[in-house]
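The following exercises concern one protein and its ligands.

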Amino acid sequence: MTDTSDTLDTLFSDPLRAPGPFRFDNDVVAVFPDMIRRSVPGYETVIAMSGLLAGRYARSGSCVYDLGCSLGATTLSMRRHITVPECKIIGIDNSPAMIERCQELIAMDGGVAPVELRENDILESEISDASMVVLNYTLQFVPREDRQRLLQRIADALMPGGILVLSEKVVFPDETLNQLNIDLHHDFKRAHGYSDLEIAGKRDSIENVLVPESLDQHRERLRDAGFSSSDVWFQCFNFASIIALK
Ligand SMILES: Nc1ncnc2c1ncn2[C@@H]1O[C@H](C[S@+](CC[C@H]([NH3+])C(=O)[O-])CC(=O)[O-])[C@@H](O)[C@H]1O
Ligand SMILES: O=C(O)C(=O)Cc1ccccc1
């Protein structure tokens, strides 16, 4: 078992290697904690506050879902805060490399709430009896035509009073503000040691793989799925997190 928690992300640093489409494979898993921390403004805050929200919303006898759980950062944060009995956390990810490493990290954690990990597509996997569902930076990788159906299934699975946390990279309708936020995100990456070559390589690699939408598009979809209220609780540049109540 290797500890990859501080392996530096240099995946896009080779000027001779043209990047292909981004995939959540073994190479990405090996650098993922470093990559996401240096790439997503506010990531640590969103993960920590997902835990606080779980402490408030997790119900006894219910399930709490971490959809697109990657290495289980959100799952572990929620596990630290869930004190009610008989509440199971279900983490789902369709990357075999992610789930394999996540399994090891969960086993090393001393938390008490039971955790079930599924290597599965969140579009296929059963979601039911949920008091809380989290999509931390995952919906952006789901094909746009499947997003409404997924949110409808989540809304249907949530009990009254349940909560969805939806964190995403977003676009802005105002073109000037949109470009400013993209530039500020790239400044953030540069400040965390990524070169212009790495930033451009990653940008090309995630094009058409990570497809961001506007906050209005997200909120309209949540309304159509039957959530009674939703609003942004956190934003840093073009990364935002919404809470939606059933
Ligand atoms: N259809 C799908 N079904 C299941 N998993 C999927 C699907 N599409 C993508 N994924 C998975 O969603 C995760 C997105 S990362 C989430 C970070 C995590 N939430 C965190 O808080 O650390 C965000 C990022 O890398 O920017 C990856 O592990 C994919 O395999
Ligand atoms: O790096 C980026 O530009 C992002 O938008 C965030 C990200 C983080 C980890 C994997 C893919 C995208």
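Helices (H or I, at least four residues) and strands (E, at least two) are DSSP runs, numbered from the N terminus. The model is predicted: local features need pLDDT of at least 70 and side-chain atom pairs count only at pLDDT 80 or more, whereas totals for chains, interfaces and linings use all residues. Residues are numbered from 1 along each chain as its sequence is written, and chains are lettered from A and ligands numbered from 1 in the order in which they are written.

**Exercise 1.** State how many helices and strands the protein has, and explain why it counts as compact.

Solution. Step one: the protein has 8 helices and 8 strands. Step two: its radius of gyration is 18 Å, close to the 18 Å of the globule rule for 246 residues, so the protein is as compact as a globular protein of that length. Here the radius is taken over C-alpha atoms, and the rule is 2.2 Å times the number of residues to the power 0.38.

**Exercise 2.** Describe the residues around ligand 2 by element and by class.

Solution. Step one: a residue is near a molecule if its C-beta atom, placed from the backbone, lies within 6 Å of it. The residues around ligand 2 include Phe 22, Met 35, Lys 169 and Leu 210. Step two: helix H1 (26-39) and helix H7 (196-206) each supply at least two residues of this shell, and the largest share, 3 residues, comes from H1. Step three: the shell has 6 nonpolar, 1 polar and 2 charged residues. Ala, Val, Leu, Ile, Met, Phe, Trp, Tyr, Cys and Pro count as nonpolar, Asp, Glu, Lys and Arg as charged, and the others, Gly among them, as polar.

**Exercise 3.** Determine whether Tyr 43 is buried, partly exposed or exposed, and do likewise for Arg 203.

Solution. Step one: a residue is buried if 20 or more other C-beta atoms, placed from the backbone, lie within 10 Å of its own, exposed if 12 or fewer, and partly exposed in between. Step two: Tyr 43, in helix H2 (residues 43-57), is partly exposed because it has 19 C-beta neighbours inside 10 Å. Step three: Arg 203 lies in helix H7 and is partly exposed because it has 16 such neighbours. Both residues are among those that UniProt lists for "binding site" in an unreviewed entry; such annotations may be inferred rather than shown by experiment, positions follow the numbering used here, and feature names are shortened.
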